[in-house]
Amino acid sequence: MQRVSDRQTICLRQLGDTRAEQVAFRRFVSNDRVTVSKMVVHQRTRVAKACAGRHVLVIQDTSEINYESQRGRKRGLGTVGNGRDVGLFVHPMLALDAERGYCLGLLDVQVWRRTKAKSKNYRCQPIEEKESIRWLKGPQRAKAALGQAAMVTVIDDREGDIYEKWDRLPDRRTHLLTRASRDRAVVGGGTLFAAMEQLPHMHSYQLDLPARPGKRQARQANLIVRFGRIRIRRPGSCSDRDAQAEIELSAIEVIEQNPPDGEAPVHWRLLTTHAVDTVAQAMTVIGWYRQRWHIEQLFRTVKTQGLGIEESVVEDGDVLEKLVVIALIGATISMQLVLARASPHHDQPASHVFDDRQIEVLTALQAKLQGKTVKQQNPFAPQSLAWAAWSIARLGGWTGYESERSTGPITMSRGLTRFNAIAEGYFLADVCSD
């Protein structure tokens, strides 16, 4: 893991400095006693300690790892979303501090290979027999692990809008926040989406939307907010006949007014178990939902714009599952640096990511990385994680000016690669001088 983090690659040849090390890495990931479950449990235990006493946002999502370009060289894989290409699926859970915005680490990962098509009676099957059980299994593990957290809010996108999840997961300290997918029947007649349209307009605000190439242009969106309480009914397709007949939730609708021509308007229908009775509460929940973007950034860092997991030449499906988990843990370190620099709170120590020797190198680099003007000085307290993240971003190509916002996970990944090379040279100089 240290090599993956330092070198920002999952390529076994690049992780090993000698042939013996390369062989050792291959033997490790091929060892039957090294399992996905053991790695995940170890990671979850470590992250759970960091979550103690905090309100934790647990963000979950699914992504496919596609190996179709190497089909002839792979074995033991399944099919991915289009039903044809070979690959596997991954479903991580990222833990964030709700109040301070810190990335606390990777709390859980589910990895699986789809080796058979859906059965004809798929909709009638118990959820325990469906792939969608992942949306419940991950949060259930989180609840068990985060017993010392002050509160847990599980956040997911539309695919996680599952009635059994609303029924089973919430308790006094465990909440859900999901973007609604299904136009459910509501108590009193009618459907969810129509009922949300009738909620009172309570607030307006502006939001700067960054550009997403091929999807939207950068713009300032004018948004209105509606919210209220809604009771949803158990759907006929719910596989659990013991589930509650109806569940009361807070509903928030966010709609963009007058979007530019040719642009799809922002439209979020959010459901949550949190009480939303004031504009301040609604805006807080909307802010939490917007943190879901970080897991999309995690996927980018694992794939083509970071560790390149889909370019791995490892052939065996069992080994690829392990490498995916290792890659996710390594990519999470980049996310920790990104969020540490962006957070208004900067009291996380650099030791959460770097060891004492690496902090020594970061300290030595400050004179080189900082410019002559105030705007190019590292503004953070020495040996804080934000101070380290500023330094790594500079090594990744960032100029140091706040007006240039290229300090995302890809910049951090590049910076970590360069930093590792510098650190090796730094300590090699000591060896040679001796």
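Student: Why is glutamine 383 called partly exposed?

Tutor: This is a predicted model, and in it glutamine 383 has a relative accessible area of 48%. Buried means under 20% and exposed means over 50%, with partly exposed in between. Glutamine 383 is therefore partly exposed.

Student: Where is glutamine 383 found, and what is its phi?

Tutor: Glutamine 383 is found in the loop between helix 11 (356-369) and helix 12. Its phi is near 70 degrees, a positive value in a residue other than glycine.

Student: Which residue with a positive phi follows helix 12?

Tutor: Glycine 397 follows helix 12, with a phi near 115 degrees.

Student: Why does asparagine 258 count as exposed?

Tutor: The relative accessibility of asparagine 258 is 75%. The cut-off for exposed is over 50%, so asparagine 258 counts as exposed. This residue is placed in the loop between strand 10 (246-257) and strand 11 (267-272). Although asparagine 258 is not a glycine, it has a positive phi of about 55 degrees.

Student: How do you know that arginine 13 is exposed?

Tutor: Arginine 13 has 59% relative accessibility. Because exposed means over 50%, arginine 13 counts as exposed. Arginine 13 is found in helix 2 (residues 12-15).

Student: Which residues form the positive surface patch, and which helix gives the largest share of it?

Tutor: The positive patch is formed by Arg13, Arg19, Arg26 and Arg27. Helix 3 (residues 19-30) gives the largest share, three residues.

Student: Why is arginine 179 said to have no salt bridge?

Tutor: The nearest side chain of opposite charge to arginine 179 is that of aspartate 157, 4.1 Å away. A salt bridge needs a side-chain nitrogen of Arg within 4 Å of a carboxyl oxygen of Asp or Glu. Arginine 179 therefore has no salt bridge, yet it is buried.

Student: Where does arginine 179 lie, and what is it in contact with beyond its neighbours within four places in sequence?

Tutor: Arginine 179 lies in strand 7 (residues 174-179). Leaving those neighbours aside, its contacts include Asp156, Asp157, Asp161, His267, Trp268 and Tyr289.

Definitions and conventions: Residues numbered from 1 in each chain as written. Predicted model: local features only at pLDDT ≥ 70, side-chain atom pairs only at ≥ 80, totals over all residues. Heavy atoms only, no water. Patch = residues over 30% accessible without salt bridge, like charges linked within 9 Å, V, L, I, M, F, W, Y side chains within 5 Å. Areas by Shrake-Rupley, 256 points an atom, 1.4 Å probe, with all protein chains shown as cover. Lys, Arg positive; Asp, Glu negative; His and termini not counted. Charge placed at Lys NZ, Arg CZ, Asp CG, Glu CD. Helix = DSSP H or I, 4+ residues; strand = E, 2+ residues; numbered from the N terminus. Buried < 20%, exposed > 50% of the residue type's maximum accessible area, 1.4 Å probe, protein only. Contact = heavy atoms within 4.5 Å.
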